[in-house]
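Here is a report on one protein chain. Keep the sequence and the 3D view open while reading.

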Amino acid sequence: MKKYLFTSESVTEGHPDKVCDQISDTILDEILKGDMHGHCCCEVFTTTGLVIVGGEITTNTYVDIPKIVRETLKKIGYTNPDYGIDCKSCAVITTIDEQSSDIAQGEKHEHLQYKEMGAGDQGMVFGYACNETEEFMPLPITMAHKLTQRLAEVRKNGTLKYLRPDGKSQITIEYVDGKPNSVHTVVIAAQHDEKISLEQLREDIKNHVIKPVLGDYFNDNIKILVNETGRFVKGGPAADTGLTGRKIIVDTYGGMGRHGGGCFSGKGPNKQDRSGAYMARYAVKNIVAAGLADRAEIEVSYAIGYPKPVSIMINCFETNKIPEEQILEIIKKHFDFTPSGIIKNLDLLKPIYAQTATYGHFGRNDLNLPWEKLDKVDELKQYLNNK
């Protein structure tokens, strides 16, 4: 019997990095609402009282960026300077250029000898899925997200009125022979008002956040660590600068699956950092849901301007029910990884991205995301019957 501990973390929508992700993706959505073929690669930086929006955008529509910044901050709950930034009084600076013409020509269908859309960048992406949760995600990242979602919920619905927008969760799961067995440790950092006592906060977080999320996993042997510095009043951008794309492991598989390194938020579907990773998740989720493997991960790589993947690799961690080589051929047959094929099959030219900027891009059963659909399962099950 092999035992080990595995830890994943999540952050609330008020975390400075996630503030930036939400602004970036809301700008992208606004562009796609008015110009579905607009190109956007937008990044945000925030610190005390300041938001800077920069990047490369080519579009024929108008986007009121300062308005988006202020509305996003208000929606999150940054309505008071004491919280770290204030939606009404913060400064907003924009510095936007058009997409490089050298990059743009590589994406055009008529470019050189290629008669279809080329990749918007080089690089590799990964997709991961496992059957240890109903979301086909690792349990640690699934629970970590639910903890931060619950932190935001009890703040907004008034259950814990003294909470402020910034916060983090971390959860350690004990695995036995590769399967989750129990919760070992829960760590919570919750920004709060001055007046609440540490003892009261810890008791409230335990009863209103941790217990409801853990459910049957909760027991008195779990180590619970809440605001271990003893104080978390100063938070948000005033305590920690924020930057788009700095929570890439939170956004994906919590470290259980590998990551190609490119962030998602603020990038349009022409960028394979984002759309390729979505397609990779779509493929392996359907593979696992169809029962071809209990766990699966694929790597897909691209060359800028070239329309087909340079390589596709699969690893089923010895849980595959048919040979990995056969699963790889099945993936190539049933899933189109060309940039144009990804955009078409996942319908990625719609303004669907702001909702992904918090609590993970994958395993979101609360959202109707095209890369989470299981429409290939019945088709793939036939390969089990034919083995």
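β1 (3-11) and β8 (163-176) run antiparallel and are joined by nine bridges. Strands count as paired if DSSP finds at least two bridges between them. Helices (H or I, at least four residues) and strands (E, at least two) are DSSP runs, numbered from the N terminus. Within this pairing, Tyr-4 sits opposite Tyr-175 of β8. The model is predicted: local features need pLDDT of at least 70, side-chain atom pairs count only at pLDDT 80 or more, and totals for chains, interfaces and linings use all residues. Residues are numbered from 1 along each chain as its sequence is written, and side-chain values use heavy atoms, with hydrogens and water left out.

**The four-stranded sheet**

Four strands make up an open sheet with mixed pairing, in the order β1-β8-β9-β10. The edges belong to β1 and β10, each with a single partner strand, so one side of each has no neighbour in the sheet. From one strand to the next, the twist averages 15 degrees. Strands of a sheet pair through backbone hydrogen bonds, either parallel or antiparallel.

Helix α4 packs on this sheet and touches β1, β8 and β9. The direction of α4 makes about 155 degrees with that of β8. Such axes are lines fitted to C-alpha atoms, for helices over the stretch in contact, and angles run from 0 to 180 degrees between N-to-C directions.

**Helix α5**

Helix α5 covers residues 198-214 and bends by about 35 degrees at Lys-206. The bend is the angle between axes fitted to the seven residues ending at a residue and the seven starting there. Which residues of α5 are buried? They are Leu-201, Asp-204, Ile-205, Val-209, Ile-210, Val-213 and Leu-214. Buried means under 20% relative accessible area, exposed over 50%, and partly exposed in between (1.4 Å probe, protein chains only). The cover over these residues includes α4 (139-156), β8, β9 (179-192) and β10 (223-226). Just after α5, Gly-215 has a positive phi of about 55 degrees.

**Salt bridges**

A salt bridge here is a side-chain nitrogen of Lys or Arg within 4 Å of a carboxyl oxygen of Asp or Glu. By this rule there are 22 salt bridges.

| Pair | N to O distance |
|---|---|
| Lys-156 and Glu-13 | 2.3 Å |
| Lys-18 and Asp-251 | 2.5 Å |
| Lys-321 and Asp-294 | 3.1 Å |

Take Lys-156 and Glu-13, whose closest N and O atoms are 2.3 Å apart. Lys-156 is in helix α4 and Glu-13 is in the loop between β1 and α1 (16-34), so the pair ties together parts 143 residues apart in sequence. Lys-156 is partly exposed, at 47% relative accessibility. Glu-13 is buried, at 9%.

Next come Lys-18 and Asp-251, which meet in a salt bridge. Lys-18 is in helix α1 and Asp-251 is in helix α6 (residues 248-251), 233 residues apart. Are these two residues buried or exposed? Both Lys-18 and Asp-251 are buried.

The side chains of Lys-321 and Asp-294 also meet in a salt bridge. Lys-321 is in the loop between β13 (311-315) and α8 (324-334), and Asp-294 is in the loop between α7 (272-289) and β12 (295-302), so the pair ties together parts 27 residues apart in sequence. Lys-321 is partly exposed at 37%, and Asp-294 is partly exposed at 25%. Elsewhere, Asp-17, Arg-246 and Lys-247 are linked in a salt-bridge network.

Gln-22 is in helix α1. Gln-22 is buried, at 11% relative accessibility. Its side chain reaches the backbone oxygen of Lys-18 at 2.8 Å. That is a polar contact: a pair of N or O atoms within 3.5 Å; within protein, one must be able to donate a hydrogen and the other to accept it, and residues adjacent in sequence count only if both atoms are side-chain atoms. Not counting residues up to four places away in sequence, Gln-22 touches Glu-13, Thr-72, Ile-76, Ala-357 and Thr-358. Contact means heavy atoms within 4.5 Å.

Thr-46 lies in strand β2 (residues 39-47). Thr-46 is buried, at 1% relative accessibility. The Thr-46 side chain reaches the backbone oxygen of Leu-50 at 2.9 Å. Leaving aside neighbours within four places in sequence, the contacts of Thr-46 include Pro-16, Cys-20, Val-51 and Ile-85.

**Strand β12**

Six of the eight residues of β12 are buried, so this strand is largely enclosed by the rest of the structure. Strand β7 (residues 123-130) pairs with β12 in the antiparallel sense over eight bridges. There, Met-124 has Ser-301 of β12 as its bridge partner. β12 also pairs with β13, antiparallel, over five bridges. Val-300 stands opposite Ile-312 in β13.
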